[in-house]
Amino acid sequence: MLSELIDFLGSLHPLIVHLPIGILLMTIGIDFIMRNRNNSTVDKIVTLGWFLSFLSGFWAALFGWFLGDNNYYFESQISIHRWGGIAFVGLCFFVWILRYLNFKYSTTFTQLFNLTAMVLITITGHYGGEMTHGQNYLINNLPFVTQEKTTHISEEKRAAVDSLFVFEDLVYPVLEEKCMACHNQKQSYGGLNMTSFEALLKGGNSGIGIQKGMPYKSLIYKRVSFPQDHPKFMPPAGVPLSYDQIATLEWWIDNGAEKQIPVTAVRKDPKIQRLMELQYGLDLREKSYLETLTLTPPAPSDLEAINGEKFSWRFINPEESFLDVKFTAKKIENADLVNIQQVKNNVTWLTLTDCRLTDNQLIYLANFPNLTRLKLQKNPMLTNKGIEALRALENLNQLNLYGTRINDAVFATLGQMKNLKKLFLWNTRVTPAGIESFKAQHPEVEIIAGL
Ligand code: HEC
């Protein structure tokens with residue numbers, strides 16, 4: 001009962017503090033404007049003003065003391081505010097007593113008292129504002145002040161998104177900044193210590209901190225997502241969590257709240273992925289093999305080998321290291337395949353269509369480490385047997401076998417090609433049933449069969 005009353009009075013503090021500010025400014029204003037008139041009524045009004053400043057200041061300070069006593073503020077933040085306020089009340093009382101007792105003092109002293117009171121109320125008010133609205137609240141909303149991104153991720157880490165973890169890199173640093181001053185081993189308000197993963201899950205006096213998979217049953221999440229004026233809102237002092245930080249915390253709990261969830265796991269939720277990309281400056285798109293690859297450009301002498309009439313080629317990247325090579329003659333010879341070998345590291349796309357390619361010749365294609373697209377369509381002599389040689393193409397992503405003589409048995413080979421994403425099988429001997437059963441095992445592969 002008593003503690004509830006004290007809490008209630010404490011909550012009146014932010015309201016009452018405006019009274020002494022207003023009264024003091026008015027008193028000093030009257031004193032200043034009327035200073036040259038020797039008028040005893042004005043004098044009495046000014047004395048009354050100092051008294052009312054003292055009286056309202058006294059209640060504001062007392063209620064403020066109640067409010068500060070609930071542990072909801074950092075001691076370091078509160079002390080200037082607290083002692084500034086008390087000094088102000090003391091000064092008002094002192095000036096009032098001097099005037100009340102008709103103690104004569106020079107105008108220099110009057111000016112000194114006025115100035116000191118103004119300085120004290122400015123400092124006290126400013127620190128009070130910082131506690132309620134957060135540090136830098138005065139300048140934060142100015143149009144030319146750029147809001148700093150709430151990111152604790154270094155440039156280096158940002159470049160290697162694959163090695164980032166949701167808890168360690170996104171959740172923990174925020175809790176560290178905004179909660180741990182009051183929830184650590186030494187000082188654990190509410191019995192809650194947040195400095196370790198285990199302690200965080202365990203929670204405080206009122207129970208489980210984080211319920212895996214259930215944000216709305218997790219006290220940590222609940223407390224930060226209350227409306228800000230809710231008495232249980234966390235953090236009670238300082239800057240609240242931003243929308244993005246709360247969303248990240250929610251996603252992490254929702255997805256199991258494990259320590260080792262990689263940040264790239266958000267790719268399954270495009271909305272949160274977008275939010276993280278914007279908020280933390282991360283590029284979370286899936287990278288293709290070529291995007292992660294740097295190659296040295298081919299030597300001009302090596303390019304000679306494919307400069308003849310039978311080939312056309314071009315670079316597909318500005319660095320001139322990835323080659324797209326096409327065979328353009330009607331019939332391919334072993335010698336032509338040997339020529340392409342000269343630039344085998346640089347060939348990323350290769351087209352050998354309608355050139356009477358045979359199964360035996362496919363052996364020449366087995367050692368193209370960076371080949372990602374291969375077009376072999378309209379070579380009716382090609383069968384399952386030849387395709388087996390292509391298993392060695394580890395980075396092959398697209399394969400066109402349209403118009404060849406392959407059948408369902410080819411899937412045994414294709415199933416072993418880990419990076420295959422797209423297959424063209426139109427006009428071959430594969431059957432719809434064969435395609436269905438392959439798709440069931442390899443849903444990541446898109447099949448264009450035109451059946
Ligand atoms: C300025 C100090 C302070 C800061 C900062 C702070 N808290 Fe608290 N917290 C408290 C106090 C005091 C209590 C106990 C009273 C209560 O439950 O409201 C508490 C209680 C809690 C509880 C309830 C524990 C229990 O089991 O009863 C949770 C959960 C909590 N805080 C979460 C947070 C989170 C999350 C943050 C950071 C966003 C945070 N706190 C920041 C002071 C603080």
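A crossing of two helices is called left-handed if the near helix is turned anticlockwise from the far one by less than a right angle, and right-handed if clockwise. The structure examined here is a predicted model, in which local features need pLDDT of at least 70 and side-chain atom pairs count only at pLDDT 80 or more, while totals for chains, interfaces and linings use all residues. Residues are numbered from 1 along each chain as its sequence is written, and side-chain values use heavy atoms, with hydrogens and water left out.

We may start with the helices, which, like strands, are DSSP runs numbered from the N terminus (H or I, at least four residues, for helices; E, at least two, for strands). Helix α3 (residues 40-68) and helix α4 (residues 75-100) have axes that come within 8 Å and cross at roughly 150 degrees. Such axes are lines fitted to C-alpha atoms, for helices over the stretch in contact, and angles run from 0 to 180 degrees between N-to-C directions. The pair α3 and α4 is therefore roughly antiparallel, given that angles under 35 degrees count as roughly parallel, over 145 as roughly antiparallel, 65 to 115 as roughly perpendicular and the rest as oblique. The crossing of α3 past α4 is left-handed. Helix α1 (residues 2-16) packs with α3 at an angle of about 130 degrees, their axes being 7 Å apart. This makes α1 oblique to α3, and α1 also passes α3 in a left-handed crossing.

Turning to the ligand, 22 residues surround it, the closest being C179, C182, H183, S206 and M234; a residue counts as near if one of its heavy atoms lies within 4 Å. The shell comprises 14 nonpolar, 6 polar and 2 charged residues (Ala, Val, Leu, Ile, Met, Phe, Trp, Tyr, Cys and Pro are nonpolar, Asp, Glu, Lys and Arg charged, and the others, Gly among them, polar). Helix α10 (residues 219-225) gives the most to this shell, with 4 residues. A polar side-chain atom of S206 lies 2.4 Å from an oxygen atom of the ligand, and a polar backbone atom of N205 is 3.1 Å from a ligand oxygen.

Finally, two backbone features deserve a look. Most residues other than glycine have a negative phi, and most peptide bonds are trans. The M234 to P235 peptide bond, however, is cis, with omega near -5 degrees, and P235 lies in the loop between α10 and α11 (243-254).

Methods
A polar contact is a pair of N or O atoms within 3.5 Å; within protein, one must be able to donate a hydrogen and the other to accept it, and residues adjacent in sequence count only if both atoms are side-chain atoms.
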